[in-house]
Amino acid sequence: MPTPPRQLLVDLSVLVHKDDQSGIQRVVRNLLQALQAAPPEGYRICPVYDAGGYYAYVTQDHFPLASEHPVLPLQVVAGDRFLGLDLCPDLVPGNRALYQDLRRHGVEIYFVVYDLLPVTLPAMFSAGASPWFSRWLETVASVADGLLCISRAVADELLEWIEAAAIVRPDAPRVSYFHLGADLQVDPAMQSAANSQLSASESALLEQLGSMPAFLMVGTLEPRKMHAQALQAFEILWQQEIPAQLVIVGKPGWMTQALVARLERHSELGQRLFWLRHASDAALLQLYQRCTALLAASAGEGFGLPLIEAAHHGLPILARDLAVFREVCGEHADYFSGDSVALAQALRRWCAPGASTHLPASRQLPHLDWAASARQLLAALDGQRPYRRACVYLP
């Protein structure tokens, strides 16, 4: 009689209640679909969620969960695996005893670590974010068999944090990393249909591109994305009568009231400055194809999916000189460091006549689709992508 498949329990505790179609939720959704399309041998994919102090199975394939959905509590056997794919800092610390009980019953526990930014850049997050996130880190570092980071840079930061935090446990968690994928294939017929549905503001923006170099920033407005510094750099260019456009795509996030007011009242808005709070897939695709370069100015990232998407469309990349951007882009991007004046100097070189012939070719940047990303995740889960064991203290 064949052995029944074990369970890979994939935690979707945030996604089942809110799918904002961006950020980590976008990653969770795409990796879940890739895992379901190609489950690991000997396992079946079982989405689960925190139902209030215990986990239950997700019984529908669309989100948010309907209020009348049946609640089926988790049932496990030795050899099952729990994967904390969703980021749930509000829930995980309260479930420490539950994870420990699962481990005693032979269930392996893993969590994906997307970044450590609230603790490495606390000034760029709301008050209280650093201790709040530290509680999540301390919990997962204390109870997990393995921690799966989305880049080597994040893995290095995590290992440093665990050592500094002096985590006490009888065995050291395995820290591995994998890289994220991107939606790269576009059906021409679907693209044509989507283009016909561009909003008036999207069409107006696209019509104004091409008259001068245009630099694209993609991502939610928040302090660490450094939109304010980028805007200041472009203001330096505009004062010097250097033709350049700044295109920002992203909704407002935290601590951005002053930036939003500055953008909305800017004298260049609609001329050399453009801001789309919500861009359709068709509009974003057109921007990747029509802009001069992607500007990745973040002060910190866990990975940087827009880099991969830009490279797929052959859009050159100007990125801040971060370890994670070097890891993702290597020689296929140009890098800058410093303040708005330094960024303006880098932009000025990109705006010079003939500059495009000397820019790094981003199209050769190695990248994954979501299926390949999921395979890397599973390999890390199986210990086939070893990196390091965390340094912990014995009880």
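Predicted model: local features only at pLDDT ≥ 70, side-chain atom pairs only at ≥ 80, totals over all residues.
These are my notebook entries on salt bridges in this structure.

**Entry 1: the count.** I looked up the salt bridges and found 15 in the structure. Side chains of opposite charge can pair when their charged atoms come close. I then went through some pairs.

**Entry 2: within a helix.** I looked at R104 and D101. Their side chains form a salt bridge, at 3.7 Å from N to O. Both residues sit in helix α2, which covers residues 96–104. They are three residues apart, about one turn of the helix. I checked R104 and found it exposed, at 62% relative accessibility. D101 is partly exposed, at 30%.

**Entry 3: across the chain.** Next I took R103 and D171. Their closest N and O atoms are 2.9 Å apart, in a salt bridge. R103 is in helix α2, while D171 is in the loop between α5 (152–165) and β8 (174–177). The two are 68 residues apart, so I noted a link between distant parts of the chain. D171 is partly exposed at 30%, and R103 is partly exposed at 25%. I also found R103 and D171 in a network of salt bridges with D145 and R169.

Entry 4: Last, I looked up K225 and E301. This salt bridge has its closest N and O atoms 2.5 Å apart. K225 lies in the loop between β9 (214–218) and α8 (227–239). E301 lies in the loop between β12 (293–296) and α11 (305–312). The pair therefore ties together parts 76 residues apart in sequence. Buried or exposed? I checked K225 and E301. K225 is buried, at 13% relative accessible area. E301 is buried too, at 15%.

Notes: Residues numbered from 1 in each chain as written. Heavy atoms only, no water. Salt bridge = Lys/Arg side-chain N within 4 Å of Asp/Glu carboxyl O. Helix = DSSP H or I, 4+ residues; strand = E, 2+ residues; numbered from the N terminus. Buried < 20%, exposed > 50% of the residue type's maximum accessible area, 1.4 Å probe, protein only.
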